Amino acid sequence: MIKKIVLLFILTFCGVLFIPQLFTPSSSVVTVFRLTEDPIVIVRGVQGSALTVDISFGDQEVDKLLDQLTPTPPLLFVDMDWVTRFPLLVEKIKERSFPVALLGAEGTLYEQDPEFIIQQVKAFEEVFDTKPLWFRTVDEQFPQLLLQQLRTLEINALGSTIHWKGGNLPVKKEGEIISVPHHRKERINLHDLERLSSNRTFQSVEDLLFQPHIKTKKAPK
């Protein structure tokens with residue numbers, strides 16, 4: 001009888017200790033979003049390198065690009081008009097579990113139309129079944145109104161430390177967030193991207209930022 005009571009006590013203790021963890025979300029959304037108390041643009045971490053790719057144009061080149069982006073998939077910022085035009089590539093991105101974020105338009109457009117960001121986030125959710133954790137304007141300009149809206153939506157504004165279009169490899173900076181473009185008038189050469197990938201060991205944006213301090217910049221007033 002005593003053994004049964006002791007065993008029951010042990011099982012109850014283990015249940016109290018471990019069962020709540022089973023129902024705790026494994027997502028890092030809350031942790032990442034609370035990195036800053038104020039609505040600020042994150043542009044750098046503390047150590048390592050993270051790669052992000054802005055996509056608003058192309059199909060065949062993007063298809064080749066996706067095949068080249070290994071072994072650590074970069075964070076893909078996708079334009080919603082592009083997403084609508086190329087659903088098969090979007091399915092490939094989802095099947096291969098690429099981390100995806102929302103690429104917006106020029107920053108000034110969000111001052112002119114405050115509803116624009118809400119429409120884009122809704123469109124993103126309809127395609128990817130989740131709200132974007134990260135957002136970036138195509139010109140990396142973040143008006144204060146936009147930052148306040150992102151704060152309300154619990155979406156992080158992510159800029160970059162280096163915007164690289166090819167050519168000479170950028171000097172390494174600890175905690176760097178590198179963005180490379182793939183737009184109609186500005187896009188990275190696949191060979192250059194391969195050189196960059198060979199020059200660095202990339203990690204996810206989340207791993208880059210899970211440190212007590214991060215670099216930020218204030219939005220223009």
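The questions below cover a strand, a loop residue and a pocket.

Analyst: This is a predicted model, where local features need pLDDT of at least 70, side-chain atom pairs count only at pLDDT 80 or more, and totals for chains, interfaces and linings use all residues. Residues are numbered from 1 along each chain as its sequence is written, and side-chain values use heavy atoms, with hydrogens and water left out.

User: Is strand β8 (residues 176-182) largely enclosed or open?
Analyst: Buried means under 20% relative accessible area, with exposed over 50% and partly exposed in between (1.4 Å probe, protein chains only). Strands are DSSP runs of E, at least two residues, and helices are runs of H or I, at least four, numbered from the N terminus. Seven of the seven residues of β8 are buried, so the strand is largely enclosed.

User: Which residue is the bridge partner of Ser49 in β8?
Analyst: Strands pair if DSSP finds at least two bridges between them. β2 (residues 49-55) runs parallel to β8, joined by seven bridges. The partner of Ser49 is Glu176.

User: Which backbone nitrogen does the side chain of Thr137 reach?
Analyst: Thr137 lies in the loop between β5 (134-136) and α8 (144-153). Thr137 is buried, at a relative accessible area of 0%. At 2.9 Å, its side chain reaches the backbone nitrogen of Gln141.

User: How many residues lining the second largest pocket are charged?
Analyst: Asp, Glu, Lys and Arg count as charged. The lining includes Asp79, Asp81, Arg85, Glu106 and Arg184. Alongside four nonpolar and three polar residues, the charged ones number five.

Terms used:
1 Å grid on protein atoms, 1.4 Å probe; cavity = no way out; pocket = protein on both sides within 12 Å on 5 of 7 lines; lining within 4 Å. Polar contact = N/O pair within 3.5 Å; in protein donor to acceptor, adjacent residues only side chain to side chain.
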